[in-house]
Amino acid sequence: AEAYYPVPHLVLAGPAFTNEYSSNVVRSGDSGQLSDLLDGSALDRADSPTTTPSTTAEDLEEQFLKERISSYTAAAQSQRGSRIGGLYGNAMDDLDVLLSMSDTVDLAAGIDGCRRDIANDCAVAFNAFEYELSRCVLTKDDGYCSMTWDTHSGNDYQDRHYEELFGFLLEAMEDLDSRTSSSGTPLADEVTIVLFSEMARHPQLTGDGRAHWSYTSFVVIGAGVQGGQVVGELDDDFFGKAIDLATGQVDQDNGTPLLPGNLGATLLKIAGMDEAELLPDYAPIDAIIAS
């Protein structure tokens, strides 16, 4: 049977374009709001004085809400109404799971002074994977002291951004190697890490900086990945070259120009999903998929 995840896609930081899958996405909040809601401490930060209800009152409120949702779902005649009611019911069940595990699984955001601790964010992701709460976790790195990577001039901090990010990544990989999945196998055998930016830098300097550029790169590490290689090239004008998706070699005559959809199809295939059904217009980069 297909595994069930109470929080299928957990967003610690960064965008999530959910479309019709919004019910599968949960944001933890940059200040750990999700954890605070689960343990009730969020009430301490309310603008108005708030009195926490007794456990008995909370139980009655939850029972009332579940009964209302159940009756709404049963009475819903339209497909949309029934679907919405079902999603509410699933959300209540997922909340029960999260509440039962709130003292066990740390989902707190990785904020450390002026910076975001990406290694801590990865630890949160690994916690969610170990307890089968999530299948996918997203976070965002804003560089050293959250100064952002998107600088068009005065790029003195770019080196520091890279050093800190890859230091976090090394720490995260060491953490991952120490983890065990719920099935008792190494968690590293089940987790794939993807590192990417939505843009790169123009090859030509403009003053002491560079503008945006639409050709970028990505790093894929971990389970299902044939590592230790570089796939693709840029030409002298920093345009991406077409490649043979099977071998990863440059093939300007018969190859495929790499697009975001190719990366998406690759990750779907690594995850054991039908990429042809979900992204029919894009083929996976088989050269980076472990056989």
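**Figure 1. Arg201 and its salt bridge with Asp150 in the predicted model.** Arg201 has a relative accessibility of 23% and therefore counts as partly exposed, since the buried class is kept for residues under 20%. The side chain of Arg201 meets that of Asp150 in a salt bridge, with N and O 3.0 Å apart. Asp150 lies in the loop between strand E5 (136-138) and helix H5 (158-177), while Arg201 belongs to strand E7 (residues 200-201), so the pair ties together parts that are 51 residues apart in sequence. Asp150 is also partly exposed, at a relative accessible area of 41%.

**Figure 2. The salt-bridge network of Glu130, Asp175 and Arg179.** Salt bridges link these three residues in a network. In the bridge between Arg179 and Asp175, the closest N and O atoms are 2.9 Å apart. Arg179 has 12% relative accessibility and so counts as buried, because that class covers values under 20%.

**Figure 3. The salt bridge between Asp286 and Lys269.** The two side chains meet with an N to O distance of 2.9 Å. This pair links distant parts of the chain: Lys269 is in helix H6 and Asp286 is in the segment after helix H7 (275-278), 17 residues apart. Asp286 counts as partly exposed at 33% relative accessibility, and Lys269 is partly exposed with a relative accessible area of 35%.

**Figure 4. A nonpolar patch on the surface.** The patch is formed by Tyr215, Leu234, Phe238 and Phe239, which together have about 340 Å² of accessible area. One of these residues, Leu234, lies in the loop between strand E9 (218-222) and helix H6 (260-270).

**Figure 5. The chain as the setting for the close-ups.** The chain has 7 helices and 9 strands, and its C-alpha atoms fill a box of roughly 70 × 45 × 40 Å along the principal axes. Of its 291 residues, 29% count as buried. The chain exposes about 18100 Å², of which carbon and sulfur atoms supply 51%. Among contacts between residues at least 6 apart in sequence, 50% join residues at least 24 apart.

Methods. Residues are numbered from 1 along each chain as its sequence is written. This is a predicted model: local features need pLDDT of at least 70, side-chain atom pairs count only at pLDDT 80 or more; totals for chains, interfaces and linings use all residues. Side-chain values use heavy atoms; hydrogens and water are left out. Patches are made of residues with over 30% relative accessible area and no salt bridge: like charges are joined within 9 Å, nonpolar side chains (Val, Leu, Ile, Met, Phe, Trp, Tyr) within 5 Å. Accessible areas come from the Shrake-Rupley method with a 1.4 Å probe; for residues, only the protein chains shown count as cover. A salt bridge is a side-chain nitrogen of Lys or Arg within 4 Å of a carboxyl oxygen of Asp or Glu. Helices (H or I, at least four residues) and strands (E, at least two) are DSSP runs, numbered from the N terminus. Buried means under 20% relative accessible area, exposed over 50%, partly exposed in between (1.4 Å probe, protein chains only). Contact means heavy atoms within 4.5 Å.
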